[in-house]
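The structure is shown first, and the notes follow by topic.

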Amino acid sequence: MAFPQNAINSVTLGGIVQDTATHQFVPVALHRMTAPLDLVSPQFDPLVRPSLAPFLLESVPERLPSRLPPPGMAQLHCHAGKFIGDGHSSIVFALNDVKLDGTPPDERSVPRLVVKIARSNRLAALAREAWFYDEMECLQGSSIARCYGWFEVDLSSNQIVPAWRDHPAEESGDYDHALDHDATVHPDQLKRTARRDILSVLVLERLGDKLPPGRHSRTVRKDIVGLYEDASHLGVGIAQDVRRHNILEAPHEQPCLPSLASPFSSRTHSWRLVDFEFGLKINYTLAQFKRSYKGHVRRMFRDTEEEGAGNIMYIYPESEDSGSE
Ligand SMILES: Nc1ncnc2c1ncn2[C@@H]1O[C@H](COP(=O)(O)OP(=O)(O)OP(=O)(O)O)[C@@H](O)[C@H]1O
């Protein structure tokens, strides 16, 4: 039986929140959040000269209607397990002991899951990412991970999240740079930047390994370029964050769901994208998107190859190159 991405209404999550008095981990109940449609303000580059017509659309493409059924009321019970990875904004754990409405889920319809936990000072970034998962619903399961929802709970004064301390961000600045990507910052987002007492998470399908360092075949390169191309069809640019850490293998460890064909290219990808907090919704034509992501993807493959050859960790320079492959 199908288990749609909006079937879960609440999450009871163990292994993340600790009681400061007893030092015991306590389960917490998170409720489903809905990102308002205007949470992310689209960028609009005006078509000031006819010569810009190949690059700019007259308006930003509207969100495609959702194909999901009405939201469900399922309760997910789970426990945070192995640490999988982290970044500027979040910490990701595998989910274990998953139960839906009290029973283990049907493995044919519910994949292995992860929980992506916002750092206490990156609540706005996670909200932005949740918005992009909604915006790209038709790519979930083909070019991006399936997202089973955005959930939150207010923490009480005697609750802490040890993961925030145990997996600190590399840079300690408090400012949430995800907000730089909005022309107008939504009032909800401004409120979120002032809070430090919310546990905010995304529940995502668990994908495979990151794109490894080394030289990649033409087939892999084409597959990955196709992921960015798919997002462009929705007016979504994610070229700002092209890094091999955000390109993960499509899942193949059971239980997992089959990869779907891209609704735009009909190709079934072997790779998927994650991490959309720096996404842009913008009035670019496909040609302009291609100009923007191709250079970033080419540079990412070049760095990945050099990293494989010499174990060099690349710090990306500010300047961008672009052009066709
Ligand atoms: N759905 C997933 N399945 C498996 N691993 C994942 C998944 N999502 C994220 N990860 C792992 O967790 C790491 C951190 O996730 P992500 O890059 O989304 O975090 P972030 O804090 O938004 O990162 P950034 O530093 O780019 O802002 C990823 O590099 C990846 O290894």
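Two residues are taken to be in contact if their C-beta atoms, placed from the backbone, lie within 7 Å. The model described here is predicted, and its chain holds 5 helices and 12 strands.

**Helix 4 and helix 5**

- With contact understood in that way, R221, I224, V225, Y228 and S232 in helix 4 meet L286, F289, Y293, V297 and F301 in helix 5.
- Sorted by class, the residues in this contact of helix 4 with helix 5 are 8 nonpolar, 1 polar and 1 charged.
- Two packed helices are described by the angle between their axes and the distance between the axes.
- For helix 4 (residues 218-232) and helix 5 (residues 286-310), the axes come within 10 Å and cross at roughly 145°, and the crossing in which helix 4 passes helix 5 is right-handed.

**Helix 1 and helix 3**

- The axes of helix 1 (residues 123-135) and helix 3 (residues 187-194) come within 8 Å, with a crossing angle of roughly 145°.
- On the side of helix 1 the contact is made by L123, A124 and A127, and on the side of helix 3 by Q189, R192 and T193.
- By class, the contact of helix 1 with helix 3 brings together 3 nonpolar, 2 polar and 1 charged residues.

**Surroundings of the ligand**

- The ligand is surrounded by 23 residues, of which the closest are G85, G87, H88, V92 and D275.
- Two or more residues of this shell come from each of strand 3 (74-86), strand 4 (90-100), strand 5 (113-118) and strand 8 (198-205).
- Strand 3 gives the most to the shell around the ligand, contributing 3 residues.
- Divided by class, the residues of the shell are 8 nonpolar, 7 polar and 8 charged.

**The chain as a whole**

- The chain, with its 5 helices and 12 strands, has a radius of gyration of 20 Å, close to the 20 Å that the globule rule gives for 325 residues, so it is as compact as a globular protein of that length.
- Taken along the principal axes, the C-alpha atoms of the chain fill a box of roughly 65 × 45 × 40 Å.
- Of the 325 residues in the chain, 36% are buried.
- When contacts in the chain between residues at least 6 apart in sequence are considered, 81% of them join residues at least 24 apart.

Terms used:
Residues numbered from 1 in each chain as written. Predicted model: local features only at pLDDT ≥ 70, side-chain atom pairs only at ≥ 80, totals over all residues. Axes fitted to C-alpha atoms, helices over the stretch in contact; angles between N-to-C directions. Helix = DSSP H or I, 4+ residues; strand = E, 2+ residues; numbered from the N terminus. Left-handed = near helix turned anticlockwise from the far one by under 90°. Nonpolar A, V, L, I, M, F, W, Y, C, P; charged D, E, K, R; others polar. Near = placed C-beta within 6 Å. Rg over C-alpha atoms; globule rule 2.2 N^0.38 Å. Buried ≥ 20, exposed ≤ 12 C-beta atoms within 10 Å, placed from the backbone.
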